[in-house]
Every structure is written in structure tokens, then in C-alpha cells.
Amino acid sequence: MSELWARTLTWAEVDPSRHPFELDEDAAEALADLVAPLLPSPAAVEEHWWRSLDPVTEFLVNRYGRWACGWNWSVGEGDTDGGVVDVWCCARHSVTTADTTAPMAVAALVEWRDWIEDLAERFSALAPPSHSAVSPSSVDPWY
């Protein structure tokens, strides 16, 4: 199911201006409580590691939008390697008890979102000024 992979996201799907997100400490704890029952057991991860986190990803995407599917897009050799999330490694190394794993999954979501917001700031800083004599077609790639 490629729609759950961050590498297939478009900017329209991740643009923070189109997808508001705020998560204070209390909301993060509440989210971890909702994620915990969706987590697989370590034994289930060993048997079905490739898809064992799909329920968590589907929940986050349904709640926040498709941008959230990158929550576990980890650096290195994670389940969906090549990403930017350091907090999460892979299901085999990151899933332990629900009480430990759920807050880590939430932290990974926040780290992913922080990276997207940083990227949006960089795009904004590099975009041509709105008052410039640039043709609309040359600005299209920025939006």
C-alpha cells in the first residue's frame, strides 16, 4: 500500500500551511494513549515486520492527514529507510512495550513534522519575492 509511504508524498500533502498541527505535552500524552493499543507485540513485529505498523500509520493519517505517514521514515536501515526521523529506527528495534513505544511513536511524528516545517521555511526563504517581475509559470514549482 504505497499511499502509506512518505517517499510518495507530494508537497501539497505535507505543506504545513495546508495541514495545521499542534501537539502540546498533554495532547502528546493523549495521542500516545490512542496509539498504544494499535502497536504490535514484539513477536508480531518479528513475523510481520513490513506491515506491523500499518494500523498506527493509518490512524495517524486519518487523524492528521497523509503527511503523517512519514512518522517512521527513519534514517539508515529502518523499515522505510532513507528518511529523516532519528527517534525511530525500525519496528524490530523500536517496538517493545506499548508504554515505551507509544510515546516514541508520537515523538517520531513530532520530529517528522518539525522537519516538514523547517523545509517549508527554507522553501519560503528561497522563493522569489511576491513583488518581483517573475512570470507565474516560473513560480509554479514553489507551490
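**Close-up views of salt bridges and a helix crossing**

**View 1. R66 and E13 join their side chains in a salt bridge, with N and O 2.8 Å apart.** This is a predicted model. The pair ties together distant parts of the chain, its two residues being 53 residues apart. R66 sits in the loop between α4 (54–64) and α5 (91–94), while E13 belongs to helix α1 (residues 11–14). With a relative accessible area of 22%, E13 is partly exposed.

**View 2. D15 meets R18 in a salt bridge with an N to O distance of 3.8 Å.** Have a look at the two partners: D15 is buried at 12% relative accessible area, whereas R18 is partly exposed at 49%.

**View 3. Within helix α6, R113 and E117 lie four residues apart, about one turn of the helix.** Their side chains form a salt bridge, and the closest N and O atoms are 2.8 Å apart. R113 is buried, with a relative accessible area of 2%; E117 is partly exposed, at 29%.

**View 4. Helix α2 (residues 25–35) crosses helix α6 (residues 98–126) at roughly 120 degrees, their axes coming within 8 Å.** That angle makes α2 oblique to α6, and the crossing is right-handed. On the α2 side, the contact is made by A28, L31, A32 and V35; α6 brings A102, P103, A105, V106 and L109. Sorted by class, this contact has nine nonpolar residues, no polar and no charged ones.

Note on methods:
Residues are numbered from 1 along each chain as its sequence is written. This is a predicted model: local features need pLDDT of at least 70, side-chain atom pairs count only at pLDDT 80 or more; totals for chains, interfaces and linings use all residues. Side-chain values use heavy atoms; hydrogens and water are left out. Axes are lines fitted to C-alpha atoms, for helices over the stretch in contact, and angles run from 0 to 180 degrees between N-to-C directions. Angles under 35 degrees count as roughly parallel, over 145 as roughly antiparallel, 65 to 115 as roughly perpendicular and the rest as oblique. A crossing is left-handed if the near helix is turned anticlockwise from the far one by less than a right angle, and right-handed if clockwise. Contact means heavy atoms within 4.5 Å. Ala, Val, Leu, Ile, Met, Phe, Trp, Tyr, Cys and Pro count as nonpolar, Asp, Glu, Lys and Arg as charged, and the others, Gly among them, as polar. A salt bridge is a side-chain nitrogen of Lys or Arg within 4 Å of a carboxyl oxygen of Asp or Glu. Buried means under 20% relative accessible area, exposed over 50%, partly exposed in between (1.4 Å probe, protein chains only).
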